[in-house]
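Good morning, and thank you for coming. I would like to take you through the architecture of one model, beginning with the helices on its sheet.

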Amino acid sequence: MAPIQSEVDFDRVEALGVSKIYERHRALSNVDLRLERGKTTALLGPNGAGKTTLLWLFSTLSRPTSGEVRFGDLPLKRNKEARGKIGLLSHASLTYGDLSGLENVAFFARLYGCRFPDREAEQLLQEFGLEDAMRRPVKTYSRGMLQRLGLARAWVGRPTLLLLDEPFTGLDRASTMVVIDRIRALQRQGTMTLMVSHDLEITAELADEALVLVRGRTAGRLTGPLKPDTLRTAYREMVETLIAKRGRTE
């Protein structure tokens, strides 16, 4: 399998009027979002709001029904070339149970064209506290360990764009702080992060801005500095306002 490492680079990623329809279900409707280097953007919203759908559009693994996703000044036809600069944590672990943690991450490091994949994998597993389990089969890992393994895999190559779907699920406080520290380190290196999370306290601590989605539509935007109480109040008002507005028109 040829490596997917890419020499392309981009200083921003934009979703321009993107909509996504699955058969008769409209998952997203005319959503705009701009991501910039060194900033973390949170996607907030109730279940079924379209958050994960938007994350997958930014990953290039799904295409919008209408609108477009742009990676800097790259032509649209070259979007797939950006994959070598994208790290993705999804709900699925995307790992192989019979392989060890080290073998899993080293495999992805080879896929991304890293010069020293085993060294890269070992360093990442140490960063995420899996050094004692790195040679065990992944099928023996706990839920929290699988989450940390998925995060290590997403960090391969120190991505330009990091996409995280509920990154703190299954993590204890110590592991959560490790992930927060790793995200901040990538921020300082210029990585742009798009994060789906239901944890408003962590969101306020980590994100520079937040986009609130309700039923596939933009309910509002919040910019930093974010504080848990004000974020919680603003989020609830945005969700209730858009639901009430949609209810009057349906």
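**Helices on the sheet, and a helix pair**

Helix 1 (residues 51–59) lies across strand 3 (40–44), strand 5, strand 6 (161–165), strand 7 (192–196) and strand 8, and runs at about 155 degrees to strand 6. Helix 4 (residues 143–154) also packs on the sheet, where it touches strand 5 and strand 6, and its direction makes about 170 degrees with that of strand 5.

A word on terms and provenance. This is a predicted model, in which local features need pLDDT of at least 70 and side-chain atom pairs pLDDT 80 or more, while totals for chains, interfaces and linings use all residues. Residues are numbered from 1 along each chain as its sequence is written, and side-chain values use heavy atoms, without hydrogens or water. Helices (H or I, at least four residues) and strands (E, at least two) are DSSP runs numbered from the N terminus; contact means heavy atoms within 4.5 Å. Axes are lines fitted to C-alpha atoms, for helices over the stretch in contact, with angles from 0 to 180 degrees between N-to-C directions.

The open sheet has six strands in the order 5-6-7-3-8-9, with mixed pairing (a pair needs at least two DSSP bridges). Its edges are strand 5 (86–89) and strand 9 (217–223). Strand 8 (residues 209–214) runs antiparallel to strand 9, joined by six bridges; Glu209 has Thr223 in strand 9 as its bridge partner.

Finally, helix 2 (residues 101–111) packs against helix 3 (residues 117–127) at about 125 degrees, their axes 8 Å apart.
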